[in-house]
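Please read the report below alongside the sequence and the model.

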Amino acid sequence: MNAICGPTLMLTKPMPVQPPILNRAGSAKPFLRFAFAAACCFLLSPEAGAEVDYATEIKPLLAKRCYSCHGPDQAESGLGLHNAETSIIEGDSGERLIVPGDPNASHLLERIVANEDYDLMPPEGEPLGEAEVELIRRWIEEGATFTKHWAYEPVQDVTPPDMSVAIQKHIVAQANSNDEPPKISPVVQDWEKSGHPVDAFLLDSLLASGLTPNAPADRRTLIRRVTLDLTGLPPTPEEVADFLRDTAPDAFENLIERLLQSPHYGERWGRHWLDLVRYAETNSFERDNPKPNAWKYRDYVIRSFNEDKPYDQFVREQLAGDLLDDVTTESLTATGYYRLGIWDDEPADPLQARYDELDDLVAVTGQTFLGLTINCARCHDHKIDPIPQTDYYGMLAFFADVSRYGTRGDQTSNNQIDVSDPALNEAYAKLDAEQRKLEEEATQIEQDGITKMSAPDQRATEGPKRQRERILKKKLRPLLSKEQRKRYDEIKAALKLVTEKRNDLPDREQVLGLGKLRPIEETFLLFRGNPHSPTDPVTPRFPEIFKETAPEMTPDERRRVFADWVTSSDNRLSSRVMANRVWQHHFGRGIVRSPNNFGGLGVPPTHPELLDYLANRLVDGGWKLKDLHRLICTSKAYQMSSEINESSSSIDPGNDLFWRFDSRRLSAEEVRDSILAVNESLNRESYGPSFYPSLSAEVLAGQSKPGQGWGDSSEAERNRRSVYIHVKRSLLTPLLSAFDFPEPDTTCEARFATLQPGQAMSLLNSDFIHEEADKLAKSVRSRLAADSDSKAFVAAVIEQVLMRPALEIEIEEGVDLIDELIAKYEVGPERANALYALSVLNWNEFVFVF
């Protein structure tokens, strides 16, 4: 599952597979030692007396409890609660569900509090609670206004609040609430002094809620936090030391700039994008065959982030890279976006399979670029959002020229684009033409011989190619004339020569993308989504919530028109969605907690004005994402400590108002890459074909054909960053899966961040971790004098892994563990050192960002 919120499992201690190590690690901060907890998404309750909002409070309630009988699909008694018109008219019984301003006259309120079961609504399930009834009563009393959903309103031009005004209000509130003189904390004063626009929006809401922000994090915490956020790698001990010594006022800004220029920035942030577009290098289903050159799309994404390609250009290249004014190899590679989904090479119903693939494309496009679950309207009008079926098929019509990935007999022509040098293409074309001419002549001679064969043999030649060749080889020559045999031999020799000439040519460069397009046919609305039941024709159209009409266009302009609309500065969703994603990956969750769903069932923004401000900054700054990183990371909010304050937690337990920085567990890739980084074995080479990590026979046995499609890479390749691991849908790397690497069949808006037993097994007992811990111990030893003792070794391990000096108690515990392993368990000194290094790789401090 790729949901944004889910249960977070924390074990009291790791599973006791290696007792001496686990027991000792248990006293040395293993990252799985805290109590079981659940992660919940909290929304602050509206202020008492605040006006009830239909879009965020009433509509979700009615949709959940009432729409099944009085909604867009069915309006019993002629009454529907999904819009104003059908709610206030008289129904078949002469009653009106809602009478604006008069709860007592509103039939809806009468039925949801009825005493008799026959009258009580809803007729099934639990009745509405008192708080829900009161919410509806207040809304009707206030006029029952059907407000438009916030995301469908244009982006507002907002100005950051004046922090001095917010502080003055806070002082007045303090003075009115107690007899003590009002106090303004130094942290608030520091925020006001900085004048940062992001902080202005946050401080305004914090002070209004009686909260003050946390103090700044220490510099050692900050450099680790921002380095992991921007590059996915920990800083080196030397980088930490340099930053701690740098007393310049702009030291942190300079650090951010250095990280943004690192090639590792694109690897980190490109991986976030690959989650959204369900990147994988195979097709799924039983055979799970590879997608040739899929890795070139991955490299295109990484390179685009590193070059700070404007986001609008990045989007246009993926949606219409083959239709732009300036078509390049890069823009053609970007169309690999259309080839990343799952593909069944042997569907039971080919027409159904095609529409399933188009539905996947509409779903990923709508959610990734627009934050819209428009795919919910495939079979019926959207239950919550004003998205009718015609909008769904109108978007589908934009992609009418997208061919299927391939066919069982040809799995490359549709999805491979030749981007070779023109001279090389011409040489291949000449050989292809020569080969076709020779094969046509050979086929004519073969057909003359086949006509003289027996009926069973003739039928056999009409079967599979291999069977035809076997019959021809065995029985053709005696049936040919002397002249035909001579010419047939000459043709075969000439074909062999053509093959040799082709083999002497350099390989053609190909990329995954829209190799062949499909002739555009009329698009129909499908009854209940059934492709075998077409109804009314539908032309390309933008969702009606935008109140924009698609311009006149030729069939081959469709995807370009769509791409231009998505990236228009007037599009009210595109900039908000991307700005929210950038915020999400810096703070652990978005201003909108449901980043793929800005619709009615999504989570409303905690700071809508801040979101619009960031969206405007993105567009006004030329859609440059690095500028947005600079803005967010230089804020005081980003630099806060993650310390939990009981007083603040009681007011805002979900940290919706950002009074502290939320600590987080490292992502799957960060765990693996950080291990390789601290033991100094990480291969930092960027780009290129994917590599294959070593997998055990037990893991490979999970395939229908064990080991099929899994290569053998060199050790240097296996030490590359995790973003370059081959992503095979039926064989995901177990270490990454244990740390919540997403299933790549569907778009993933936000990963789970669980703590569960498989992670303890991976970081304590896997072959991988023991090999890497051994490398860590050797790396540390290589830096120490030959006569160094265990105290020096322990201190050096902690400094190399955690980038800080070791505490005395930590050194004592480490020496005790090494001595115990040697004396009690008869482990050799080198092995004991490696096991101690392994224990440090399991500390909370290594596996979490604070």
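The text takes up these topics in turn, after a note on conventions.

The model is predicted, so local features need pLDDT of at least 70 and side-chain atom pairs count only at pLDDT 80 or more, while totals for chains, interfaces and linings use all residues. Residues are numbered from 1 along each chain as its sequence is written, and side-chain values use heavy atoms, with hydrogens and water left out.

## Salt bridges

A salt bridge is taken here as a side-chain nitrogen of Lys or Arg within 4 Å of a carboxyl oxygen of Asp or Glu. Searching the whole structure gives 58 salt bridges.

| Pair | Closest N and O atoms |
|---|---|
| Arg541 and Asp391 | 3.0 Å |
| Arg660 and Asp662 | 3.4 Å |

Helices (H or I, at least four residues) and strands (E, at least two) are DSSP runs, numbered from the N terminus.

Arg541 forms its salt bridge with Asp391. This pair links distant parts of the chain, 150 residues apart: Arg541 lies in the loop between β4 (534-538) and α23 (558-566), and Asp391 in helix α18 (residues 389-398). Arg541 is partly exposed at 27% relative accessible area, whereas Asp391 is buried at 0%.

In the pair of Arg660 and Asp662, Arg660 counts as buried with 14% relative accessibility, and Asp662 is buried with 18%.

## Pro540

Pro540 is placed in the loop between β4 and α23. Its relative accessibility is 13%, so Pro540 counts as buried. With contact meaning heavy atoms within 4.5 Å, and not counting residues up to four places away in sequence, Pro540 touches Gly394, Ala397, Phe398, Ala550, Met553 and Arg558. Pro555 is 15 residues from Pro540 along the chain, and their C-alpha atoms are separated by 9.7 Å.

## Helices α9 and α25

Axes are lines fitted to C-alpha atoms, for helices over the stretch in contact, and angles run from 0 to 180 degrees between N-to-C directions. Helix α9 (residues 197-208) packs against helix α25 (residues 608-620) at an angle of about 170°, and their axes are 10 Å apart. The two helices, α9 and α25, are therefore roughly antiparallel to each other. In this scheme angles under 35 degrees count as roughly parallel, over 145 as roughly antiparallel, 65 to 115 as roughly perpendicular and the rest as oblique.

On the α9 side the contact is made by Pro197, Val198, Phe201 and Leu202, and on the α25 side by Glu609, Leu610, Tyr613, Leu614 and Arg617. These residues of the contact of α9 with α25 divide into seven nonpolar, no polar and two charged. Ala, Val, Leu, Ile, Met, Phe, Trp, Tyr, Cys and Pro count as nonpolar, Asp, Glu, Lys and Arg as charged, and the others, Gly among them, as polar.

## Cysteines

With a disulfide defined as a pair of cysteine sulfur atoms within 2.5 Å, the count is zero. For Cys66 the closest cysteine sulfur is that of Cys69, 8.7 Å away, which is too far for a bond. Cys66 is buried, with a relative accessible area of 11%; Cys633 is buried at 0%.

Methods
Buried < 20%, exposed > 50% of the residue type's maximum accessible area, 1.4 Å probe, protein only.
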